[in-house]
Amino acid sequence: MTIFRILKVLPDSRKKRRVASYGAAAILAAGATIGLPGTAQAASAYNGACGSGYTVIDQQRLESGATVFLTYSSGGYNCVVTVREYTGVVESMNAWIMRSGDESSSDEDPGDFTSYAGPVYTYAKGSCVDWGGSYMYGSTTQRGTHCG
């Protein structure tokens, strides 16, 4: 699948990150050396990618150097984002979420990124959520959590 086909089906917020990731991969593949100032990021620091009004309600640290954050908004939506500890090099990542037992509500963002995967959302007011993420060799899967 070409980058143009991928971008056609992604929401605008994901297109910008995907283009940045592919651009960085192209530069690295060409043998260029790039310096990225300020590329370190604390593993436990949520980056606000889900938007305003979302509060972190759970997080899972991955041994591979990332943290998967589950957030919630008072409007009944949950959001997941996987944030890397150190950014810069394009790496395989994922963030996913769904209402427990309802695959039609699933959302995920797998791909190669420089800093984070996601955000992904599902409406789960009155329901439990299954959620998780991955970065390189580390992953987490949480099932039937945060019911209500």
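Visitor: What makes Arg143 exposed?

Guide: Arg143 has a relative accessible area of 56%, and the word exposed is kept for values over 50%, with buried for those under 20% and partly exposed in between (1.4 Å probe, protein chains only); Arg143 is therefore exposed. This is a predicted model, in which local features need pLDDT of at least 70 and side-chain atom pairs count only at pLDDT 80 or more, while totals for chains, interfaces and linings use all residues. Residues are numbered from 1 along each chain as its sequence is written, and side-chain values use heavy atoms, with hydrogens and water left out.

Visitor: How do you know that Arg143 and Asp130 meet in a salt bridge?

Guide: The term asks for a side-chain nitrogen of Lys or Arg within 4 Å of a carboxyl oxygen of Asp or Glu, and the N to O value for the side chains of Arg143 and Asp130 is 3.6 Å, so the pair qualifies. Asp130, at 5% relative accessibility, counts as buried, whereas Arg143 is exposed.

Visitor: How many salt bridges does a search of the whole structure find?

Guide: The search finds 3 salt bridges, one of which joins the side chains of Glu85 and Arg61 at 2.7 Å, N to O. Glu85 lies in the loop between S3 and strand S4 (91–99) and Arg61 in strand S1, so this pair ties together parts that are 24 residues apart in sequence. Glu85 counts as buried at 18% relative accessibility, and Arg61 counts as partly exposed at 48%. Another salt bridge is that of Arg99 with Asp102, whose closest N and O atoms are 2.5 Å apart; Arg99 has a relative accessibility of 21% and counts as partly exposed, and Asp102 is likewise partly exposed, with 21%.

Visitor: Why is the link of Cys50 and Cys79 called a disulfide?

Guide: Their sulfur atoms are 1.9 Å apart, and a disulfide is a pair of cysteine sulfur atoms within 2.5 Å, so the name applies. The link of Cys50 and Cys79 is left-handed, with -80° about the S-S bond. Cys50 is buried, with a relative accessible area of 5%, and Cys79 is buried at 0%.

Visitor: Which pattern do the disulfides of the protein follow?

Guide: With bonded cysteines counted along the chain, the pattern is 1-2, 3-4, and a search of the whole structure finds 2 disulfides. Cys128 and Cys147 also form a disulfide, their sulfur atoms 1.8 Å apart, and this link is right-handed, with 105° about the S-S bond. It connects distant parts of the chain, 19 residues apart, with Cys128 in the loop between strand S7 (116–123) and strand S8 (129–135) and Cys147 in the segment after strand S9 (138–145). Cys128 counts as partly exposed at 23% relative accessibility, while Cys147 counts as exposed at 51%.

Visitor: What makes S1 and strand S2 (residues 66–73) pair?

Guide: Two strands pair if DSSP finds at least two bridges between them, and S1 and S2 have 8 bridges in the antiparallel sense, so they pair. In S2, Tyr72 is the bridge partner of Thr55, and Leu70 stands opposite Asp58. S1 and S2 form a hairpin with 3 residues between them, and Gly65 in the turn has a positive phi of about 105°.

Visitor: What order has the open sheet of 4 strands?

Guide: The order is S1-S2-S3-S7, with antiparallel pairing. S1 and S7 stand at the edges, each with a single partner strand, so one side of each is left without a neighbour in the sheet.

Visitor: Why is Thr140 called buried?

Guide: Thr140, which is found in strand S9, has a relative accessible area of 10%, and it is therefore buried. A polar contact of 2.8 Å joins the side chains of Thr140 and Gln142, the term being a pair of N or O atoms within 3.5 Å, of which, within protein, one must be able to donate a hydrogen and the other to accept it, and residues adjacent in sequence count only if both atoms are side-chain atoms. Leaving aside neighbours within four places in sequence, Thr140 is in contact with residues including Gln60, Leu62, Trp96 and Trp131, where contact means heavy atoms within 4.5 Å.

How values were computed:
Helix = DSSP H or I, 4+ residues; strand = E, 2+ residues; numbered from the N terminus.
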